[in-house]
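Q: I am new to this structure. Please show me how to read its main features, one at a time.

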Amino acid sequence: MRESNLLVSKTLGHVAGMLKVGVTGKYIDKSAEEFIRDHGGIPGFKGYRGFPATLCMSLNESVVHGIPSDYAFEESDVVSVDCGVILNGFYGDAAFTFAFTGVQEGVEDLLMVTREALYKGIEQVVIGNRVGDISYAIQHYCEKVHGYGIVRELVGHGVGRSLHEEPDVPNFGSKGKGPILKEGMVIAIEPMVNMGHRGVKQKSDGWTIVTKDGKPSAHFEHSVAVRKSGVDILSDHSYIDDAIKNNAEIINISRNC
Ligand code: MG
Ligand code: MG
């Protein structure tokens, strides 16, 4: 599963280098599919319940499950990119949200907080803790500390030979509640955080989830393994950070906030 998640991570790094004003999501999606297949993997989302693309690309008020299109990116855009692959029979799953240099005020903070929230959740991945410990840590940090809205309708999940396995990993909940974390479990933790109200709805394309208030949303995801030695983060955002350093059109989202 580390191998499938590394391929996801490298694909997201490849995407990070391609995000430029004037480029379309569809063009990047095609390149991501070629990248995955060139490395011996199979796109994990394409065809999943009929999803038509390799990447989910969710623009501005879109939260998740956006379909790459012929829309050409503009310098005020914020776009979440979610990628899944199958390699050696196992799924990898990770996501990152990118901000172009002209994004509206507050978006950079939203992204930093959402990225940090992912790690607040990951810190709770300890044998014997419960899923609710992860959920509470994320919710508390985003809602209580920073005043953002946590999406309730979509959640993290177990991942392995299937893309979505037990247990659900909500981004809201109570400490000490939910399934116990056991050695060998692999879960995808993925806070979805709205700048405004937490309410979301689905667009008529049957896929894209958007905020009801039209304000921007952010999404960061890692797949992590529960191990005796502690949490083992299988996906790796450093490929993305490295690519962003060389892409002047994308803001560097640091974890220090
Ligand atoms: Mg994902
Ligand atoms: Mg996921």
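A: Start with metal donors: these are N, O and S atoms within 2.8 Å of the metal (3.2 Å for Na, K and Ca), and sites may look incomplete since water is not among the atoms. This is a predicted model: local features need pLDDT of at least 70, side-chain atom pairs count only at pLDDT 80 or more, and totals for chains, interfaces and linings use all residues. Residues are numbered from 1 along each chain as its sequence is written, chains are lettered from A and ligands numbered from 1 in the order in which they are written, and side-chain values use heavy atoms, with hydrogens and water left out.

Q: How far apart are the magnesium ion (ligand 2) and the magnesium ion (ligand 1), and which residue coordinates both?
A: They are 3.1 Å apart, and aspartate 93 coordinates both.

Q: Which protein donors does the magnesium ion (ligand 2) have?
A: They are Asp93 (OD), His157 (NE2), Glu190 (OE) and Glu221 (OE), at 2.1 to 2.2 Å from the ion. Helices (H or I, at least four residues) and strands (E, at least two) are DSSP runs, numbered from the N terminus. Aspartate 93 is in strand S5, and glutamate 221 is in the loop between strand S13 (217–219) and strand S14 (222–227), so the pair ties together parts 128 residues apart in sequence.

Q: Is aspartate 93 buried or exposed?
A: Buried means under 20% relative accessible area, exposed over 50%, and partly exposed in between (1.4 Å probe, protein chains only). Aspartate 93 has a relative accessible area of 2%, so it is buried. Glutamate 221 is buried too, at 0%.

Q: What are the protein donors of the magnesium ion (ligand 1)?
A: Asp82 (OD), Asp82 (OD), Asp93 (OD) and Glu221 (OE) lie 2.0 to 2.5 Å from it. Their residues follow the spacing D-x10-D-x127-E.

Q: How do helix H1 and helix H2 pack?
A: Two packed helices are described by the angle between their axes and the distance between the axes. Axes are lines fitted to C-alpha atoms, for helices over the stretch in contact (heavy atoms within 4.5 Å). Angles run from 0 to 180 degrees between N-to-C directions. Helix H1 (residues 2–18) and helix H2 (residues 25–38) pack at about 145°, with axes 10 Å apart.

Q: What is the strand order in the open sheet of five strands?
A: Strands of a sheet pair through backbone hydrogen bonds, either parallel or antiparallel. Two strands pair if DSSP finds at least two bridges between them. Here the order is S8-S7-S9-S14-S15, with antiparallel pairing. Strand S8 (165–169) and strand S15 (230–233) stand at the edges, each with a single partner strand, so one side of each has no neighbour in the sheet. The twist averages 25° from one strand to the next.
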